[in-house]
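Me: I would like to go through this model with you, beginning with a surface feature and then turning to the contact between chains.

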Amino acid sequence: MKTKMGYAFSMAVIGAALLTSGLVQAADTYKMDTKGSHAFIQFKIQHLGFSWLLGRFNTFEGEFVLDEANVEKSSVKVDIDVASVDSNHAERDKHLRGKDFFDVAKFPKAGFVSTKIEKTGDNTAKITGDFTLKGITKPITLDATYIGGGKDPWGGYRQGFEATTQLKLKDFGIDYNLGPASEVVNIYISVEGIKQ
Amino acid sequence: MLANSESGYGLVSVLLHWLSALLTILLFGVGLYMVGLSYYDPLYHELPEWHKSLGVVLALLSLFRLVWRVLSGPPAPLAEKRWQGAAARLVHATMLALLILLPVTGYFIVTAEGKPLMVFELSLLPALLELAPNQTDMVGRWHLWGAWGLIGLAVVHAAAALKHHFVDRDRTLIRMLTIKGQ
């Protein structure tokens, strides 16, 4: 009787330990740290074929569900305020927000919702999902890499990733002639999520 | 000679008037044309630079016009009917207000992200405050509507002057073409 109770008790302790240690865990939800600006969506496009033009979207929010045991069951979602486009040039940004490019008055939001995640290595995965820009939704695939994660110094728990992809401007209804070298834009995303 | 008299305009007012008219029409044409240029047009960068620089020149001219109006008031009104005088005053005041509002909005479009406004390749006007994207776009719309408003009023203004000249056969238009100052 005594040993049985002791056995049950120790199993409960082990079970609780496993749960809290995260070995037997459900997926966790992480909110992208846009408030502390440890999350970036940058773009890079050729200028005339001579150099790279860099810019970013300053305002967005997103979250991801991370299932470390079953990465395939993870998911990610981002909402971008397109008007926050910033290429460090007021008149160019105004042009980008206008009808020739994003037409933010009509299409203020862009967004990404993952539909499928495939693990491709220890720290890498392909994230496929629906990307919406200028009212057009198309599937795209991001090449994602896990950077690191753990307890932060302020009592929270964080995980960070980076990802890249390429988009054809024409695919999303942007056909302003920037020249043959500037038809594809490179996207670089780096996000840190705080466990909720 | 320079200042206005009771019966006519002096040289300064006449020059200010016609120079303003010329620059206003030039800026309006260049402004509308330049925003439609394709990226590979040789004037894609050139015309906006000219538009900004000449815009600052016109802004200074308009400010001086306000000062000059105080220093040397306009000659006695020619209008015979009261409503004509009131209409003329309203149109003149609105045009002057737009001549001030247009460069102010233009300045805020250019400097919205902290970069100075270049005047003939010199960065003369630093940015004073940064605007949010939606504010910049709104200011841009004001600039466009203001420009159309000013040109619309200029057409009314010119039509009225021609009507005075050819229909009423009074000295309204002649007065702005001859120097009768003191």
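Me: Which helix gives the largest share of the nonpolar patch on chain B?
Reply: In this predicted model, Leu32(B), Met138(B), Trp142(B), Leu144(B), Trp145(B) and Trp148(B) make a nonpolar surface patch of about 650 Å². Met138(B), one of these residues, lies in helix α4 of chain B. The largest share of the patch amounts to five residues, and the helix that supplies them is α4(B).

Me: How much area is buried between chain B and chain A, and what percentage of that area do carbon and sulfur atoms give?
Reply: The contact draws on 19 residues from chain A and 15 residues from chain B. On the chain B side, 45% of the area buried against chain A is supplied by Tyr39(B), Tyr40(B) and Glu113(B), more than by any other three residues. For the two chains together, the buried area is about 1,300 Å², and the part given by carbon and sulfur atoms is 48%.

Me: How far apart are the closest N and O atoms in the salt bridge that Arg97(A) forms?
Reply: Between chain B and chain A the count is two salt bridges, and there are nine residue pairs in polar contact, counted with both residues at pLDDT 80 or more. Arg97(A) has Asp137(B) as its salt-bridge partner, and the closest N and O atoms are apart by 2.8 Å.

Me: Which helix supplies the largest share of the side of chain B that touches chain A?
Reply: Both α3 (82-110) and α4 (133-168) of chain B supply at least two residues each to this side. By class, the side comprises eight nonpolar, three polar and four charged residues. The largest share is four residues, and these come from α4(B).

Notes. Residues are numbered from 1 along each chain as its sequence is written. Chains are lettered from A and ligands numbered from 1 in the order in which they are written. This is a predicted model: local features need pLDDT of at least 70, side-chain atom pairs count only at pLDDT 80 or more; totals for chains, interfaces and linings use all residues. Side-chain values use heavy atoms; hydrogens and water are left out. Contact means heavy atoms within 4.5 Å. Buried area is the accessible area (1.4 Å probe) that two parts lose on being put together, summed over both. A salt bridge is a side-chain nitrogen of Lys or Arg within 4 Å of a carboxyl oxygen of Asp or Glu. A polar contact is a pair of N or O atoms within 3.5 Å; within protein, one must be able to donate a hydrogen and the other to accept it, and residues adjacent in sequence count only if both atoms are side-chain atoms. Ala, Val, Leu, Ile, Met, Phe, Trp, Tyr, Cys and Pro count as nonpolar, Asp, Glu, Lys and Arg as charged, and the others, Gly among them, as polar. Patches are made of residues with over 30% relative accessible area and no salt bridge: like charges are joined within 9 Å, nonpolar side chains (Val, Leu, Ile, Met, Phe, Trp, Tyr) within 5 Å. Accessible areas come from the Shrake-Rupley method with a 1.4 Å probe; for residues, only the protein chains shown count as cover.
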